[in-house]
Amino acid sequence: MIDKIAPSIAAALAGIPDGATVLIGGFGTAGLPSELIDGLIQQGARELTIVCNNAGNGDTGLAALMAAGRVRKIICSYPRQADSYVFDGLYRAGKIELELVPQGNLAERMRAAGAGIGAFFTPTGFGTEMARHADGTPKETRRIDGRDHVLEYPIHGDVALIKAEQCDRWGNLVYRKAARNFGPVMATAARRTVATVHEVLPLGALDPEAIVTPGIFVTSVVQVPRVATQAGGFKNAA
């Protein structure tokens, strides 16, 4: 009998090795799997490469993972915001590596990984520093239909940590509005996907037309309580 409901976060995250590439869903705090990030801190894996839209808010979640010294490199689109002081401090001190990727490219590179696409050309980034590798060498370019494009490669993950709203025991996932964001492409791009949900429904209770991530892409699911999300950004003045 297929049952992907894990008994605990610790059980779902067991075995993530040092040096793993971890895809973490979320757009700011929307759809951020905070419970799984806290569990990854407890799990203890180090020298991680994190792929996420942002580089953490305040001193919780992804920021706490970085503050614990577990992250070697982060691949993201928006590393700086009003309360990204943990990342700022680590980056300025040379303690974390950054690969900056335009947001559309970030999503497409993970989608390409899930779709089995070896590489793709995109006009985004041509003529900018985004058209160079980390060592400063230029990326391959090509003129297509009169427009210059840059060659980009897929981002594969060892594990994806995502947040959904509902599931069944087969691991089929339904998301809540904007919390969906990068979850679906990350689930396809990783060898192993762990999701949190707020509701576990019986088989057949989910409308098949509403299922966004089929259970074939999901390794395990953990049910967590529903907690109001704390918005990021500027703190209230004292």
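This is a predicted model: local features need pLDDT of at least 70, side-chain atom pairs count only at pLDDT 80 or more; totals for chains, interfaces and linings use all residues.
Let me start with V222, which lies in strand β13, residues 220–223, where helices (H or I, at least four residues) and strands (E, at least two) are DSSP runs numbered from the N terminus. With a relative accessible area of 5%, V222 counts as buried, a word that I use for under 20% relative accessible area, with exposed for over 50% and partly exposed for in between, using a 1.4 Å probe and protein chains only. Setting aside residues up to four places away in sequence, V222 touches A6, S8, I9, A12, A195, T196 and V197, where contact means heavy atoms within 4.5 Å. A12 is 210 residues from V222 along the chain, and yet 7.4 Å separates their C-alpha atoms.

Residues are numbered from 1 along each chain as its sequence is written, and side-chain values use heavy atoms, with hydrogens and water left out.

Now the overall picture. The secondary structure of the protein comes to six helices and 13 strands. Its radius of gyration is 18 Å, close to the 18 Å that the globule rule gives for 238 residues, so the protein is as compact as a globular protein of that length; the radius is taken over C-alpha atoms, and the rule is 2.2 Å times the number of residues to the power 0.38. Of the 238 residues, 47% count as buried, and among contacts with a separation of 6 or more, 74% come from residues 24 or more positions apart.

Turning to the helices, α2 spans residues 34–43, and its buried residues are L36, I37, G39, L40 and I41. The cover over these buried residues includes α1 (9–13), β1 (21–24), β2 (48–51), α3, β8 (159–163) and β11 (193–197). After α2 comes G44, with a positive phi near 100 degrees.

In helix α4, residues 85–92, the buried residues are V86, F87, D88 and L90, and they pack against α3 (62–67), β3 (71–76) and β4 (97–100). Just after α4, G94 has a positive phi of about 75 degrees.

Which residues other than glycine take a positive phi? E47 is one of them, with phi near 55 degrees, and K177 is another, at about 50 degrees. As background, most residues other than glycine have a negative phi.

Finally, consider T122, whose place is in strand β5, residues 120–122. Is T122 buried or exposed? T122 is buried, with a relative accessible area of 9%. Leaving aside neighbours within four places in sequence, T122 is in contact with N105, H149, V150 and E152. Within that sequence neighbourhood, a polar atom of the T122 side chain lies 3.2 Å from the backbone nitrogen of T124.

Methods: A polar contact is a pair of N or O atoms within 3.5 Å; within protein, one must be able to donate a hydrogen and the other to accept it, and residues adjacent in sequence count only if both atoms are side-chain atoms.
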